[in-house]
Amino acid sequence: MTASPHHRVIIVGAGFSGIGMAIRLRQTGERDFIVLEREAGVGGTWRVNNYPGCACDVPSHLYSFSFAPNPTWTRMFAPQPEIRSYIEQCCERFGLAPHLQFNTTIASMTWDAGAARWQVQASDGRAWTCDALVLAVGGLSTPSYPAIAGLETFAGKTFHSQQWDHSYDLVGKRVAVIGTGASAIQFVPQIQPLVAQLDVYQRTPPWILPKPDRAITGREQRWFSKLPMLQQLYRGWIYSQLEARATFFVKAPAVMKLAGQLARNHIKRQLPNPTLQAKVTPNYTIGCKRVLISNDYYPALAQPNCELITDNIREIRPHSIVTADGRERAVDAIIFGTGFRASAPIAKGLVAGINGQDLVDAWPNGPEAYKGTTVRGFPNMFILMGPNTGLGHNSMLYMIESQITYVLGALAFLQRAGAHASIDVRAADQHAYNQALQTKANRTVWNQGGCQSWYLHPETGRNVTLWPDYTWAFRRLTKRFDPNAYQCTEQQASQRGPS
Ligand code: NAP
C-alpha cells in the first residue's frame, strides 16, 4: 500500500477564509499546503449563492482582503458575480493554482495521535495526511429546510435560495417564497416582475434600512488605482462607521430602539398601505436579527401580483399551500429562503479528534472554541469563521484576517517546536474564554432583543455564532499566538512513519 501524500497544512474550503489563509501562507514562504474544495472552483458562499439579486450588504471596499485591495469595484455594494470574480483574481494574483484541488468532498478528518498528524479522506477514496488542518468550511453552508407537513407531497418545483435552479423558468408561474431574511429580500424584487403571482410567506418581519448603494464612477476608480492610500483611508472610514454600531449592539442595546425609528420611516416612505405597514413592522428590537438593507423589497411587496402572507403554513399539498386560517393558495413552485443550519456548521461523523471523539459530540451545548479557532481534543486543528466569530455589524473579512494571523502564529510555533509537535488548547483556557464571552453575549441586543434568531442555539439559547464585542478587541486577542494556553506534545519521529 502506498502512503497517502503528506502536506504540512491542509485547508478545507476555498471560500474567502480558505483562500485568505492560502495567500497568507504563501506570503510566509510556505509551499507545502493544499486547499481541498467540494465545488468545481473557488468562491465558497460567493460561488454557490448565485440567486437573482445576490449581493453583499457590506461595502465592497471593506468586504475584501486588506492585502489585496481592488480599486475597480463597480458599486458600493458589489453584486455576487463581481465578488466571486475578485476571489478568482486573488487566486491568480497570488499564484494559488498549484495548491487548489476542486471537486473534492471530504468524507472524514481523523486525528492520528501516534503519528501526530491528521488523516484526511475524500469520498472518492483519495487520502492525504497533514501536520495541521485548517477548516475553512464556512458557517452558513448547509441549507435549512422547514419541517412543514406534506412538503414531500408537493408535485411542483422546489429549491433553496442557495441552490437556485436557473434552468427553471419562473416567467408566468405562481411562486411561493418561504422566508423573509437577507437572501429573500434580495431575490423577491428580482423575481416579482417575472412571475404571475408571488406569495411571500413571512414568519417574522426583518428590520430593513435604506441601502446607501450607488455606482462607483470611473474617476473614483482611477483615483483609487493611482493613490492606494486614498482607498485605504476610505476603507478605514467605512470600518469605523460600521464599528461604531457595535457600541449599540453589544454595549447599549436599549439605544437600538431609537434606530428602529429610522426603519419605521423607511417603511412609511416605501409602503403607503397601512395594512402592509403593520405586517412588515417587527415587534422586537432592531439589531436582534441581522439588520437588512434594501430599497426595492418593500416596493415589490406592494405590487398587485404580490401577497405578503403572515399566517403560519399549516400544510403543503401537491399543488398548493394551506395556511392556519384554512386558506389554500395554488402554486407551481416553492422557493425556500429559509437560511442555513448555523448552529450545526459541521456534520457529525466528519471530524474525529483524540480517542476518536466526534467534533459534534465535543459540543453538547452548541459549538464553542478558544478564540473562535481551536477546540480542546482536536490538536493542530484550526477553524476559520469558527464559533462566535460571526458579525452582525461589520465585515467578516476583518475577523477572518484576524484569525489567519493567529493561525500563522500557531503554525510558526509548531515549526519551531519541531516537525512532530502537536498543540491542544487547554480545557481550562477554553472554558474561561467561553465563560467570559457568554457573559458579554448576555448583555447584547442579540440576547436581549426579544427575538429568536440563528445567532442563538435553538436548544440552549446560547449565542454560538456572533462575536459579542468590538472587532478590534478580537484583533487584539488574536494578534499573537499564545502558547501558554496550549498543551504542547512532541512525538518521537520513529512513531510517525515516513513523511
Ligand atoms: P435567514 O436570514 O436565516 O432567514 C431565513 C428566513 O426563513 C427567516 O425569515 C425565517 O423566519 C424563515 N424561516 C426559517 N424557517 C422557517 C419555517 N420553518 N417556516 C417559516 N419561515 C421560516 O436566512 P438567509 O436569508 O438565507 O440569510 C442567512 C444569513 O446569510 C444572513 O443572516 C447573512 O448572515 C447571510 N447573508 C448575507 C448576505 C449579505 O448580503 N452579506 C446576503 C444573504 C445572506 P424567522 O425569522 O421567523 O426565523
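# A guided tour: ligand, salt bridges and a surface patch

Start by selecting alanine 182: one of its backbone N or O atoms lies 2.9 Å from an oxygen atom of the ligand. That is a polar contact (a pair of N or O atoms within 3.5 Å; within protein, one must be able to donate a hydrogen and the other to accept it, and residues adjacent in sequence count only if both atoms are side-chain atoms). Before going on, note that this is a predicted model, where local features need pLDDT of at least 70 and side-chain atom pairs count only at pLDDT 80 or more, while totals for chains, interfaces and linings use all residues. Residues are numbered from 1 along each chain as its sequence is written, and side-chain values use heavy atoms, with hydrogens and water left out.

**Stop 1**

Now pick arginine 203, where a polar side-chain atom is 2.9 Å from a ligand oxygen. On its own the ligand has 900 Å² of accessible area, and the protein covers 83% of that (areas come from the Shrake-Rupley method with a 1.4 Å probe; for residues, only the protein chains shown count as cover).

**Stop 2: salt bridges**

Side chains of opposite charge can pair when their charged atoms come close. The structure holds 18 salt bridges (a side-chain nitrogen of Lys or Arg within 4 Å of a carboxyl oxygen of Asp or Glu).

Select aspartate 332 and arginine 174, whose closest N and O atoms are 2.9 Å apart in a salt bridge. Aspartate 332 lies in the loop between strand 15 (328-330) and strand 16 (333-336), and arginine 174 in strand 8 (residues 174-178), so the pair ties together parts that are 158 residues apart in sequence. Helices (H or I, at least four residues) and strands (E, at least two) are DSSP runs, numbered from the N terminus.

Are glutamate 368 and arginine 462 buried or exposed? Select them and see: both are buried (under 20% relative accessible area; exposed is over 50%, partly exposed in between, with a 1.4 Å probe and protein chains only). They form a salt bridge too, with the closest N and O atoms 3.4 Å apart.

Then highlight Glu307, Arg327 and Arg329, which are linked in a network of salt bridges.

**Stop 3: the surface**

Finally, show Leu230 in helix 6 (residues 228-251). Leu230 is partly exposed, at 36% relative accessible area.
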